[in-house]
Amino acid sequence: MHDKIWVGTLGFPTDALQDNKKSEIQEKLEAEYDALTVYVNDTDFDGHYAHYCKTMLWPVFHYQIPDHPKSKAYEDHSYRYYVNVNQAFVDTVVKSYKRGDKIWIHDYHLLLVPAMIRKKLPDAQIGFFLHTAFPSSEVFRCLSTRKSLLEGML
């Protein structure tokens, strides 16, 4: 593949980094690796990955339903962080989009991104790849956010 651009977070909390350090990292990644950096606040980063993705989505996509009577999984309100991080990816992609670009989105961490991009770029070519088997409807229906997740992928 030629002329590709990767878009992603650094994979760790970044609130402690000073703005000039963030800019330096962002510039280096873009210049040397054709990568755009998505910075999100630490609360969104943690709520998205450690909470919503790892305690809700990952188990459901691996046929593990949190059904322990004392489980607080379904009281987890981290979905808003999931939405915030997905939106941060969308903002970065839309800002750098050029007509004719193909947008390829990977995995359950970004299920909402395709629909969010479609709203802003109705003619964009968007692909999505899920790196795990999609769970059965009996399992997926246990997610309270199932409708928005499905619409996000579609």
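1. Starting at the N terminus, the elements follow the order β-α-β-α-α-β-α-β-α-α. That makes 6 helices and 4 strands in the protein. Keep in mind that this is a predicted model.

2. As for burial, 36% of the 154 residues count as buried. The accessible surface comes to about 9800 Å², and carbon and sulfur atoms account for 54% of that.

3. A word on contacts across the chain. Take the contacts between residues at least 6 apart in sequence: 70% of these join residues at least 24 apart.

4. Have a look at how helix α2 (residues 42–61) meets helix α3 (residues 79–96). They pack at an angle of about 115 degrees, their axes 8 Å apart, and the crossing is left-handed. On the α2 side the contact residues include Phe-45, His-48, Tyr-52 and Leu-57, while α3 brings in, among others, Tyr-79, Tyr-82 and Val-85. Sorted by class, this contact has 8 nonpolar, 5 polar and 1 charged residues.

5. Next, Tyr-63, in the loop between α2 and α3. Its phi is positive, about 60 degrees, although Tyr-63 is not a glycine. That's worth a glance, because most residues other than glycine have a negative phi. Is Tyr-63 buried, partly exposed or exposed? Its relative accessibility is 47%, so it counts as partly exposed.

6. Asp-107 also has a positive phi without being a glycine, here near 75 degrees. You'll find Asp-107 in the loop between β3 (102–106) and α4 (113–120). Its relative accessibility is 13%, and buried means under 20%, so Asp-107 counts as buried.

7. Finally, Phe-134, which sits in the loop between β4 (125–129) and α5 (137–140). As for Asp-91, it is 43 residues from Phe-134 in sequence and 27 Å away in space, C-alpha to C-alpha.

Key:
Residues numbered from 1 in each chain as written. Predicted model: local features only at pLDDT ≥ 70, side-chain atom pairs only at ≥ 80, totals over all residues. Heavy atoms only, no water. Axes fitted to C-alpha atoms, helices over the stretch in contact; angles between N-to-C directions. Helix = DSSP H or I, 4+ residues; strand = E, 2+ residues; numbered from the N terminus. Left-handed = near helix turned anticlockwise from the far one by under 90°. Contact = heavy atoms within 4.5 Å. Nonpolar A, V, L, I, M, F, W, Y, C, P; charged D, E, K, R; others polar. Buried < 20%, exposed > 50% of the residue type's maximum accessible area, 1.4 Å probe, protein only. Areas by Shrake-Rupley, 256 points an atom, 1.4 Å probe, with all protein chains shown as cover.
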